[in-house]
Amino acid sequence: MMGIGAVKKDIKVMILTGFAGLVAGACSMAIGEFVSVYSQLDIEVAQMKRDNKRRIKGDNKDEKNVLPNPAQAAASSALAFSVGAIVPLLAASFIRDYKVRIGAVVAAVTIALMVFGWLGAVLGKAPAIKSSARVLFGGWLAMAITYGLTKLIGSSGL
């Protein structure tokens, strides 16, 4: 949304672009997570066979629950991305003035990044301020790069 916001002032275009980014990003994250976790599952199953310590049996549910679940990981990743992506969409949806809309998106995303950084730290029992700052500055950097490069490309007449 920051990218298209750099070159288009139309709210409809910005919202449609944000929605397309939400769907594409959630799908990309889910597929990437599925492939990664499925690869991890393959490695663990192969290791179990080599070690000959445990076997996967269709009737042994406890043993299967110990192994990673690619579908669950994919769904979790898609949901997490979607929750994060809905923040700028909601912030931009109700504001007609271009400059105020861009400011609202940055403000809403800033708050969301701080909350997500804090939540990750709490869940991971890590330092909250350090984690929140890292997530916040990373998000700001991503927004600035996206906005700046799109502004540069969009204004060069390509």
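**First stop: a loop residue**

Select K125, which is placed in the loop between α5 and α6. Helices (H or I, at least four residues) and strands (E, at least two) are DSSP runs, numbered from the N terminus. K125 counts as exposed because its relative accessibility is 77%; buried means under 20% relative accessible area, exposed over 50%, and partly exposed in between (1.4 Å probe, protein chains only). K125 also has a positive phi of about 55°, although it is not a glycine. Most residues other than glycine have a negative phi.

Before going further, note that this is a predicted model, in which local features need pLDDT of at least 70 and side-chain atom pairs count only at pLDDT 80 or more, while totals for chains, interfaces and linings use all residues. Residues are numbered from 1 along each chain as its sequence is written, and side-chain values use heavy atoms, with hydrogens and water left out.

**The whole chain**

Now display the entire chain as a cartoon. How many helices and strands are there? The chain has 6 helices and 0 strands, and its pattern along the sequence reads α-α-α-α-α-α. Of the 158 residues, 28% are buried. The chain exposes about 10400 Å², and carbon and sulfur atoms supply 67% of this area; accessible areas come from the Shrake-Rupley method with a 1.4 Å probe, and for residues only the protein chains shown count as cover. Among contacts (heavy atoms within 4.5 Å) between residues at least 6 apart in sequence, 64% join residues at least 24 apart.

**Annotated spans**

Colour residues 12-31, 73-95, 102-123 and 135-154, which an unreviewed UniProt entry annotates as "transmembrane region". UniProt positions are given in the numbering used here, feature names are shortened, and annotations may be inferred rather than shown by experiment. Residues 73-95 are 91% helix and 0% strand, with end C-alpha atoms 35 Å apart. Residues 102-123 are 100% helix and 0% strand, and their end C-alpha atoms lie 31 Å apart.

**The largest nonpolar core**

Next, select M1, M2, M14, I102, V105 and V109. These residues touch the most other members of the largest nonpolar core, which has 15 residues. A nonpolar core is a set of buried Ala, Val, Leu, Ile, Met, Phe, Trp, Tyr and Cys residues joined through side-chain atoms within 4.5 Å. At least two residues of this core come from each of α2 (11-51), α4, α5 and α6 (128-155). The helix that gives the most is α5, with 5 residues. Centre the view on M2: leaving aside residues up to four places away in sequence, M2 touches I102, V105, V106, M143, T146 and Y147.

Select T110, found in helix α5. Is T110 buried or exposed? T110 counts as buried because its relative accessibility is 14%. T110 touches L136 and W140, not counting residues up to four places away in sequence. T110 and F137 are 27 residues apart in sequence, and their C-alpha atoms are 9.2 Å apart in space.

Move to S132 in helix α6. With 13% relative accessibility, S132 is therefore buried as well. Residues up to four places away in sequence aside, S132 touches M114, G117 and W118.

**A nonpolar patch on the surface**

Show the surface and select L79, V83, I111, V115 and F116. Together these residues form a nonpolar patch with about 450 Å² of accessible area. Patches are made of residues with over 30% relative accessible area and no salt bridge, with like charges joined within 9 Å and nonpolar side chains (Val, Leu, Ile, Met, Phe, Trp, Tyr) within 5 Å; a salt bridge is a side-chain nitrogen of Lys or Arg within 4 Å of a carboxyl oxygen of Asp or Glu. Helices α4 (70-93) and α5 (98-124) each supply at least two residues of the patch, and the largest share, 3 residues, comes from α5.

V83 is placed in helix α4 and is partly exposed, with a relative accessible area of 41%. The C-alpha atoms of V83 and L22 are separated by 9.1 Å, although the two residues are 61 residues apart along the chain.

**Last stop: V35**

Finally, select V35 in helix α2. V35 is partly exposed, at a relative accessible area of 47%. V35 and A74 are 39 residues apart in sequence and 8.6 Å apart in space, C-alpha to C-alpha.
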